[in-house]
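User: I want to learn how to read cavities, pockets and helices in a model of this kind. Please take the features one at a time, general idea before the case.

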Amino acid sequence: MPYRRTPAVQARLDAQRASVVEAALGLLAEQGYAGCTMAAVAARAGIATGSVYRHFPSKAELAVELFRTVVGREVAAVSEAAGHPGHGSAAERVVAVIETFAQRALKSPRLAYALLAEPVDPAVDAERLVFRRAFRDVFAARVAEGVRTGELPPQDPALTASALVGAGAEALVGPLAEGAVGPDTVPALVTFTLRALGVPDADHA
């Protein structure tokens, strides 16, 4: 008869897995993927290295889990910002997405760089495409709404959204890597976004 874990055993394993992920997230925010060795994660979590491998057979699998966790939180944050009742127009909702993402990136620059560009396992690179699509969809929904209501000029929402995601990421990668993000970075991104949307008089919006 195959062994079946009791609910108590499964609960302990689930709790240990969660502690491994949180420990790794802390290291990721401090040192990037390079610092997330299995031994370092185990030490941070206060468990044996072999216990980390029980949950994640390789560093690549752990890295993918971290990426998905961070992306899920970021997408939730920008979606919540876009849906805030204080943002009345479609353009304001799109701006809320870019502002929220950029401001969160500036608060955790090492984590943001890991999310956007740090060289890592091909499995994480594949997840980066998923991440970009998730953000594109958040943008595209707001752009499509603006086009439908006449707030924004006719355009391909998916194309505009993809361009905004790419431009926003590229604009942040260099400054994040160099630690040289200035106070004008976010306002400049907002102006660029409004221009890309076709908002009249975007420089003064």
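User: Which helix gives the most to the lining of the largest cavity?

Analyst: The terms come before the case. A cavity is a set of points on a 1 Å grid, laid over the protein atoms alone, where a 1.4 Å probe fits but cannot get out; lining residues have an atom within 4 Å of a point. Helices are DSSP runs (H or I, at least four residues), strands are E runs of at least two, and both are numbered from the N terminus. Here α8 contributes the most, with four residues. Helices α5 (90-107), α7 (122-149) and α8 (157-178) each supply at least two. This is a predicted model, in which local features need pLDDT of at least 70 and side-chain atom pairs count only at pLDDT 80 or more, while totals for chains, interfaces and linings use all residues. Residues are numbered from 1 along each chain as its sequence is written, and side-chain values use heavy atoms, with hydrogens and water left out.

User: How many cavities are found, and how much space lies in the largest?

Analyst: A volume is the space filled by probe spheres set on the grid points, which are joined across faces, edges and corners. Searching the whole structure gives one cavity of 30 Å³ or more. The largest cavity holds about 90 Å³.

User: What classes of residue line the largest cavity?

Analyst: Ala, Val, Leu, Ile, Met, Phe, Trp, Tyr, Cys and Pro count as nonpolar, Asp, Glu, Lys and Arg as charged, and the others, Gly among them, as polar. The lining has ten nonpolar residues, one polar and no charged. Phe 101, Phe 131, Phe 135 and Phe 139 are among the lining residues, as are Leu 164, Val 165, Gly 168 and Ala 169.

User: Which residues of α8 are buried?

Analyst: Buried means under 20% relative accessible area, exposed over 50%, and partly exposed in between (1.4 Å probe, protein chains only). An α-helix has 3.6 residues a turn, so residues three or four places apart point the same way. The buried residues of α8 include Ala 161, Leu 164, Val 165, Gly 168, Ala 169, Leu 172 and Leu 176. Their cover includes α5, α6 (109-116), α7 and α9 (185-197).

User: Which residues line the largest pocket?

Analyst: A pocket is an open set of grid points with protein on both sides within 12 Å along at least five of seven lines. The largest one has about 190 Å³ of space. Its lining includes Leu 25, Arg 73, Glu 74, Phe 101, Arg 104 and Ser 108. Two or more residues each come from α1 (7-31), α4 (59-82), α5 and α6. By class there are eight nonpolar, one polar and three charged residues.

User: Glu 127 carries a charged side chain; is Glu 127 buried or exposed?

Analyst: Glu 127, in helix α7, is classed as buried because its relative accessible area is 13%. Contact means heavy atoms within 4.5 Å. Setting aside neighbours within four places in sequence, Glu 127 is in contact with Val 64, Phe 67 and Arg 68.

User: What do Val 75 and Ala 23 touch?

Analyst: Val 75 lies in α4 and is buried at 18% relative accessible area. Not counting residues up to four places away, Val 75 touches Ala 134, Phe 135 and Val 138. Ala 23, in α1, is buried at 6%. With neighbours within four places left aside, Ala 23 is in contact with Val 41, Arg 44 and Ala 45.

User: How many helices and strands does the chain have?

Analyst: There are nine helices and zero strands. Buried residues make up 41% of the 205 in the chain, and the C-alpha trace spans about 65 × 40 × 30 Å along its principal axes. Of the contacts between residues at least 6 apart in sequence, 65% join residues at least 24 apart.
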